[in-house]
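Please consider the structure shown below. The paragraphs that follow lead through some of its helix pairs and its pockets.

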Amino acid sequence: MAALAPPYLANQNKLPSFSSKILVRMPTTLVFLQMCSNFQEVRQVHAQLVVSGLLDRPPNAGRLLQSYVTVSQIYHASSVFDRICCPDVFAYNNMIRGLILGKCPNNSLLLYNKLLLDGLKPDNYTYTFVLKACSQLSAIFEGRQVHCRIVKAGTSMDTHVHSSLIHMYSSSTDSLVCAEQVLASFPEENTLAKNSLISGYLSQGEVEKAREMFDNMVEKDDASWSAMIAGYTKNGMSVEALGLFQKMMMISEVSPNEATLVSSLSACAHLGALDQGKWIHAYADKIGAKISVTLGTALIDMYAKCGSIEHGYEVFKKMPQKDLVAWGVIISGFAIHGQAEKCFELFDDMVANGTYPNEIIFVAILSACSHAGYVEMGYQYFYQMVHEYGIRPSIEHYGCMVDLLGRAGRLAEAEELIMSLPEKPNSVIWGALLGACRIHNDLRRGNLAFKHLTELEPMSGDRYKLAGLMFAKAGEKETATKIRKLIRENDLETTRGLSFIEIDGVVHDFEAGTINHSKYNEIYKMWGEGLIDF
DNA sequence: GTAGGGTTAG
């Protein structure tokens, strides 16, 4: 009978003895430390550790450091680390991990070198974290050195190190083949490693190879689906992403994790698939998924891009915690909908909330100004960005300003700004000027922009097309014809306007000037020939 | 005695 007992019963027998062992052997303060879930709690236990003298024992300092890392307080973690006179591998590992979490992967590499200089022996955790830092930095050379050390030291790699190696090698196209070799050198089925290679392929645009690997996988877990769906979304294949999501819901035994929902929502956002997005929202509620900052942000973005900013705002208001990305999404959302005043209001709320704006927030704010024609507000925010927040304007910000001035018809100022740029204007800048010149019939500046564009993007038919439209509108038919001929003769690619509508959950795409829709005949009957000629 | 994939904004 005992052999038939389900696994959870067996675990139930073990659980009490395990926890009582901890309680007996560990001082209460350390038990508290394990229970901490936020910064305040860790800080309180930290104080108790200092008072009780327990912190003087090096292993306890390591545990405290670990707790600070778990609550992402890297600054506090590193001050604890600095006070440990002889950190052991555990302390090093946690600090290395903390530095990666704190977006300082280069510092974690330095710390790894220090660990080696201290004569300590790295373990599988060390390797996992260091390789992760290497992937983030695309530091294949350093990663390869780590790989060599693992082999030389004869360390037996666990699945995590194995998959991190693959992840590291696939962070650059050139070493993708090394990632394949590493996978092949391990004969047993390793889902973790295969998932890494799938994301690696997808990050390098090798969608076909990723799909092949995915299809041949025997044991797909939630992360396999998630990697594939996220990869499709990243490579602009939103239709495929949503198709795979639906397939997963229907045939797969694993249920979607948060990352899958987030990527699928991102695909909905790109397609404008509001019904699908709403369905995912309802599904998340149904399974009782906690609307985390990430999931909430993806929902807001989906609603905003699918034209339903009100629903997005509802989600935003309900979010208990909001990070910079969440604020960025809601501000860009209102910017897309032309509600500049709401953007300004939210910006003030954000600052009052103690969240510091970054350069992306200002791109959103400036584009809101541009769409609503608020030139003076745009100048004001630009000034504020530079002088109050110390953000160096990027080419994107200048692009917004040129667009802002150009749309408002202040072309002389736009040109002056372009001439004063600290860096070489890119095609976005000149494109914004050309677009504005087309609206305001400024042939001289339009010509100037066009000349630069032909140098920067000689193969972009779109630029020629825009210039052609400008000349045609200004009555210079001859030049316009010449440009059109140029596009045809050089076989230049022009992208056509795409629009999507969703009917009963099916996304239909329409390409400007084409008639390749499956229901074309019915549409044609209803609307006649006028439809094709836009 | 202990930590470890992937996801979101222009």
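Two residues are said to be in contact here when they have heavy atoms within 4.5 Å of each other. The model to which this term is applied is a predicted one.

With that term in hand, take helix H8 and helix H10. In H8, the residues Asn 124, Tyr 127, Thr 128, Leu 131, Cys 134 and Ser 135 meet His 160, Val 161, Ser 164, Leu 165, His 167 and Met 168 of H10. Sorted by class, the contact of H8 with H10 has six nonpolar, six polar and no charged residues.

Two packed helices are described by the angle between their axes and the distance between the axes. How do the axes of H8 and H10 cross? H8 covers residues 124-137 and H10 covers residues 159-169; their axes come within 9 Å and cross at roughly 15°. H8 is therefore roughly parallel to H10, since angles under 35 degrees count as roughly parallel. The crossing in which H8 passes H10 is left-handed.

Helices H12 (191-203), H14 (222-234) and H16 (258-271) are the elements that give two or more residues to the lining. Which of the helices gives the most to the lining? The answer is H14, with six residues. By class, the lining of the largest pocket divides into six nonpolar, 11 polar and two charged residues. The volume of the largest pocket is about 480 Å³.

H21 passes H22 in a left-handed crossing. On the H21 side, Ala 340, Cys 343, Phe 344, Phe 347 and Met 350 take part, and they meet Ile 361, Phe 362, Ile 365, Ala 368, Cys 369 and Ala 372 of H22. This contact of H21 with H22 has 11 nonpolar, no polar and no charged residues.

H22 also packs with helix H23 (residues 375-387), at an angle of about 165° and with the axes 9 Å apart. H22 is therefore roughly antiparallel to H23. H22 passes H23 in a left-handed crossing. The contact is formed by Phe 362, Ile 365, Leu 366 and Cys 369 of H22 and by Met 377, Gly 378, Tyr 381, Phe 382 and Met 385 of H23. By class, the contact of H22 with H23 has eight nonpolar, one polar and no charged residues.

Key
Residues numbered from 1 in each chain as written. Chains lettered and ligands numbered in written order. Predicted model: local features only at pLDDT ≥ 70, side-chain atom pairs only at ≥ 80, totals over all residues. Heavy atoms only, no water. Left-handed = near helix turned anticlockwise from the far one by under 90°. Helix = DSSP H or I, 4+ residues; strand = E, 2+ residues; numbered from the N terminus. Nonpolar A, V, L, I, M, F, W, Y, C, P; charged D, E, K, R; others polar. 1 Å grid on protein atoms, 1.4 Å probe; cavity = no way out; pocket = protein on both sides within 12 Å on 5 of 7 lines; lining within 4 Å. Points joined across faces, edges and corners; volume = space filled by probe spheres on them. Axes fitted to C-alpha atoms, helices over the stretch in contact; angles between N-to-C directions. Parallel < 35°, antiparallel > 145°, perpendicular 65-115°, else oblique.
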